[in-house]
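Open the model in your viewer and keep the selection tool at hand. The stops below say what to select and what is there.

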Amino acid sequence: MTDTIAAIATPMLPSAIGILRLSGPGAVDAADQVFTPLHGGPMSRRADRALVYGTLHDREGRAIDRCLCTVSRAPRSYTGEDTAELQCHGSPAALALGLEALFAAGARQALPGEFTRRAFLNGRLDLTGAEAAADLIHAESPAAVYQAAGQLGGSLARMVDGIYDRLTDLCAHFHAVLDYPDEDIQPFEAAELSSALSGAAAELDALADTYKRGRLLNEGVPCAIVGRPNAGKSTLFNALLGRERAIVTDIPGTTRDTVEERVQFGGVLLRLIDTAGLRETEDAVEKLGVERSRAAMERAELILAVTDGSEDFTEEDAEVLRLASGSGRPWIWIMSKRDLTGPSALWDAGWKENPPAASVSLSAKTGEGLAELERAAASLFPAEENTQSGALLTNARQAEAANRAREAIRRGAEALSAGLPPDAVVADVEEALSALGGLTGRAVSEDVTARIFARFCVGK
């Protein structure tokens, strides 16, 4: 990494602040060429992390902004290289001119995620920390922010490194006994190996089991809103979003396809899926919509089963509740249209077997009952107070590595129980080490690294 990279690190929209970022051996020199302090010497003679006020010039030397500049020299910077940052007014045109001036000063355009990738390659971040930086950028809920911040601070890495180091000590002891038989080294005992494998297996089980919560925290809980046609699904969908997203009419069967949006509700990030009404139909297009509704129920982690509270309970309603109950997912029974006059015995006609997690009567039109639904949803996905912030696996790559390590340890334990020699067991331990090394980035292929950083935006 002998070149210097530059990028606009803020969105290209008019804003109060716009940032130009540089990293590489020529970062400070490039800053000197485009930025002139109003007082004192150039940035190359300034202390690290001191904010200096001055003038930003274009490639022709013409003033384009009054801004602040700061430099951080290697290795005490985000990337581990010399870095510079220009904090300008957020004019997209001025930022573009400033970036052109930096290119003329010898920098090149940074690729997506290249700043964080350099931080990883220079040992400033491990791979879980780099992924946490991307998670923090994309976080859509307070819980996701806290998780990403904790992981960025090293919570997950410390947990994984603890397991890794204990397994490394185990392998080192085995190889020391094997390679230096004449030395006074404590013998390698099967009981010691068995105890170590049991401890590692328990820790890896607990780690792998965090993935479901971590995934839902980052991606949101898939939540299917289902019911017969004209039950009030789309009105509820719009009410939860706080805007008109789905088409609502009095004509049954208006919704022909699934519509998805994300929303914060009860402290939970929900991926709402408005679905076509569930009923038997000969209409080819509507039939396709019904099939997609059933598919949405199958992939949902929460189902909101809506029945029309202003009309008599029907067999179609009963079928919707049967499907929700039989899905194996948590579900909430919602009786809609509370603002309209309905049969007084409606609640008594409710579902008796495999009851829902909650039953809520509401009016999506007036908002009455939505707070009760919010509390019900929050109770189904409570924050795990005993889980250390940042210690959850949050993506499939991390989960796959943890599962490979767990399976390797299990095979080693089975081999030990079967009476195989320690060297066969240690081979499984070394495979677990390889998987854990891939999780944190101690040993990871270039193609995996490229996929991870492709998720980042330019300038980060």
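A salt bridge here is a side-chain nitrogen of Lys or Arg within 4 Å of a carboxyl oxygen of Asp or Glu. Keep in mind that this is a predicted model.

**Stop 1: a network of charges**

Select D3, E81, R108, E114 and R118, which are linked in a network of salt bridges. Begin with R118 and D3: their closest N and O atoms are 2.7 Å apart. R118 belongs to helix α3 (residues 114-121) and D3 to the segment before β1 (5-8), so this pair ties together parts that are 115 residues apart in sequence. Is R118 buried or exposed? With a relative accessible area of 2%, R118 is buried, while D3, at 28%, is partly exposed.

Now look at R108 and E114, whose side chains meet in a salt bridge of 2.5 Å, N to O. R108 is partly exposed at 29% relative accessibility, and E114 is buried at 10%.

**Stop 2: helix α1**

Select residues 27-34, which form helix α1. Its buried residues are A27, V28, A30, A31 and V34. Look down the axis of α1: the buried residues fall within an arc of 160 degrees, so they line one face of the helix. In general, an α-helix has 3.6 residues a turn, so residues three or four places apart point the same way.

**Stop 3**

Select L136, V145, Y146 and L152, which make a nonpolar surface patch of about 340 Å². Helix α5 (residues 142-152) gives the largest share of this patch, three residues. Y146 is located in α5 and counts as exposed, at 56% relative accessibility.

**Stop 4: the largest nonpolar core**

Which residues have the most contacts inside the largest nonpolar core? They are L167, L197, L204, L207, L393, I409 and L436, in a core of 32 residues. Elements giving two or more residues to this core are α6 (155-179), α7 (190-208), α13 and α14 (422-440). Select I409 and show its neighbors: leaving out residues up to four places away in sequence, I409 touches L167, L197, A200, A201, L204 and A432. Another core, of 29 residues, lies apart from this one, and V259, L304, L362 and L373 are among its members.

**Stop 5: between α6 and α7**

Finish with E203 and R166, whose side chains meet in a salt bridge (2.5 Å, N to O). E203 is in helix α7 and R166 in helix α6, 37 residues apart. Both are partly exposed: E203 has a relative accessible area of 31% and R166 one of 45%.

How values were computed:
Residues are numbered from 1 along each chain as its sequence is written. This is a predicted model: local features need pLDDT of at least 70, side-chain atom pairs count only at pLDDT 80 or more; totals for chains, interfaces and linings use all residues. Side-chain values use heavy atoms; hydrogens and water are left out. Buried means under 20% relative accessible area, exposed over 50%, partly exposed in between (1.4 Å probe, protein chains only). Helices (H or I, at least four residues) and strands (E, at least two) are DSSP runs, numbered from the N terminus. The arc is that of the directions from the helix axis to the C-beta atoms. Patches are made of residues with over 30% relative accessible area and no salt bridge: like charges are joined within 9 Å, nonpolar side chains (Val, Leu, Ile, Met, Phe, Trp, Tyr) within 5 Å. Accessible areas come from the Shrake-Rupley method with a 1.4 Å probe; for residues, only the protein chains shown count as cover. A nonpolar core is a set of buried Ala, Val, Leu, Ile, Met, Phe, Trp, Tyr and Cys residues joined through side-chain atoms within 4.5 Å. Contact means heavy atoms within 4.5 Å.
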